[in-house]
Amino acid sequence: MFLSTATVAIAAATAGLVSAAPVTEKRADGINDGVILNYALTLEHLEDTFYRQGLANFTEDDFKAAGFDETFYGNVKKVSADETAHVGFLTEALKAAGVAPVAECTYNFGVTDVKTFLATASVLEGVGVSAYLGAAADIMSKTYLTAAGSILTVEARHSSYIRAGLKQAPFAQPFDAPLSINEVYSLASQFIVSCPKENPPLPVKAFPRLALSPDTRMPVKTGDTVTLLTPDYTLKGAEGQKIYAAFIAVTGPTFVEATPVQGGFSVKIPEGFAGQSYVVLTGCNDSVTDDTVAAGPAIIEISS
Ligand SMILES: *[C@@H]1O[C@H](CO)[C@@H](O)[C@H](O)[C@H]1NC(C)=O
Ligand SMILES: *[C@@H]1O[C@H](CO)[C@@H](O)[C@H](O)[C@H]1NC(C)=O
């Protein structure tokens with residue numbers, strides 16, 4: 001069997017993880033390092049499948065016809081190989097720790113051409129960065145934390161490279177936003193059709209969907225009023241309750257009032273956000289936790 005450099009690197013890297021623990025320690029919320037690694041693996045499988053499908057769907061000529069040269073195409077192939085290496089690395093780390101790794105699911109990416117493929121790639125890389133960042137504080141083992149950090153930095157490089165290719169600001173703001181496990185799962189689950197029933201269940205849940213209206217005039221800027229659609233969430237029984245939109249940031253959320261409109265809520269984009277931004281609906285304006293999130297996150301690309 002042909003051993004790629006990636007395979008060798010994975011073997012060497014995971015050898016150092018074998019003695020790392022406590023992967024299965026019980027916490028009240030069911031989260032431990034084994035769960036976090038499987039959560040990361042869930043996302044890496046999604047990305048890995050996404051790039052393999054996209055590169056099977058579209059040729060170098062298709063990329064050229066869409067305005068992306070051979071260097072760009074070659075780098076997208078490298079991104080795809082990186083995601084495959086991340087899957088291998090996490091799978092081996094979980095096995096070494098005695099935890100069953102999750103397998104690939106089936107997905108619906110809704111990609112129709114090179115442009116939508118790259119737009120989705122950009123969104124996925126950004127969510128990946130925010131996922132690793134948000135999970136960092138929950139990782140108990142410093143060895144795993146460093147390993148996760150080494151993936152995070154590469155996802156951030158992918159994100160800025162693809163954003164630059166799409167003529168978006170490659171690093172739109174000085175800080176990235178951390179997302180919680182359930183917030184990320186809420187976004188990822190929109191692509192997941194079904195998973196193998198042998199996959200170990202993870203203690204995660206998806207919040208009701210929230211999405212920027214497709215009628216939104218682009219680009220979205222600070223001060224614009226946009227509509228966030230909530231197909232799975234209504235105020236029924238909670239009329240009169242104030243609803244807020246919380247824009248997520250590492251320094252804490254910015255709350256703005258969310259005004260009910262047909263099909264969702266109208267929200268004014270606050271100051272201080274640029275690039276791929278995340279907003280959730282909440283029933284209070286002092287905290288964003290799994291208990292206060294009513295729907296979301298929605299992703300809004302904000303131009304500065
Ligand atoms: C690949 O093509 C299929 C069929 O058109 C489509 O459903 C899928 O979303 C595409 N996936 C990617 C990642 O391009
Ligand atoms: C937060 O809610 C309180 C009432 O519960 C209100 O007095 C305050 O103005 C609100 N702040 C914002 C930023 O909306």
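Two strands count as paired if DSSP finds at least two bridges between them. Keep that in mind for the close-ups below, which come from a predicted model.

**View 1. Strands S7 and S8 pair side by side.**
Strand S7 covers residues 254–261 and strand S8 covers residues 264–268. The two are antiparallel and share three bridges. Look for threonine 259, which stands opposite serine 266 in S8. The two strands form a hairpin with two residues between them. In that turn, glycine 263 has a positive phi of about 85°.

**View 2. Strand S6 meets strand S7.**
Here strand S6, residues 243–247, is joined to S7 by five bridges, again in the antiparallel sense. Which residue of S7 is the bridge partner of tyrosine 244? The partner is glutamate 257. This hairpin has six residues between the strands, and glycine 252 takes a positive phi near 115°. As a reminder, strands of a sheet pair through backbone hydrogen bonds, and the pairing can be parallel or antiparallel.

Step back, and you can trace an open sheet of eight strands in the order S3-S5-S8-S7-S6-S9-S10-S4, with mixed pairing. Which strands are at the edges? They are strand S3 (211–212) and strand S4 (220–221), each of which pairs on one side only. Helix H7, residues 181–188, packs on the sheet and touches strand S9 (275–282) and strand S10 (293–303). The direction of helix H7 makes about 75° with that of S10.

**View 3. Ligand 1 sits among its neighbours.**
Around ligand 1 you will find Phe50, Gln53, Gly54, Asn57, Phe58, Phe109, Gly110 and Val111. By class, this shell has four nonpolar and four polar residues, with no charged ones. Glutamine 53 places a polar side-chain atom 2.8 Å from a nitrogen atom of ligand 1. In the side chain of asparagine 57, an N or O atom is 2.4 Å from an oxygen atom of the ligand. Valine 111 takes part through its backbone: one of its N or O atoms there lies 3.2 Å from a ligand oxygen atom. On its own, ligand 1 has 360 Å² of accessible area, and the protein covers 65% of it.

**View 4. Some backbone angles deserve a second look.**
Most residues other than glycine have a negative phi, and most peptide bonds are trans. Where do cis peptide bonds occur? One joins methionine 218 and proline 219, with omega about -5°. Proline 219 is placed in the loop between S3 and S4. Another cis bond runs from glycine 296 to proline 297, with omega near 5°, and proline 297 lies in strand S10. Lysine 167 has a positive phi, near 65°, although this residue is not a glycine. You can find lysine 167 in the loop between helix H6 (142–165) and H7.

Terms used
Residues numbered from 1 in each chain as written. Chains lettered and ligands numbered in written order. Predicted model: local features only at pLDDT ≥ 70, side-chain atom pairs only at ≥ 80, totals over all residues. Heavy atoms only, no water. Near = heavy atom within 4 Å. Polar contact = N/O pair within 3.5 Å; in protein donor to acceptor, adjacent residues only side chain to side chain. Areas by Shrake-Rupley, 256 points an atom, 1.4 Å probe, with all protein chains shown as cover. Nonpolar A, V, L, I, M, F, W, Y, C, P; charged D, E, K, R; others polar. Helix = DSSP H or I, 4+ residues; strand = E, 2+ residues; numbered from the N terminus. Contact = heavy atoms within 4.5 Å. Axes fitted to C-alpha atoms, helices over the stretch in contact; angles between N-to-C directions.
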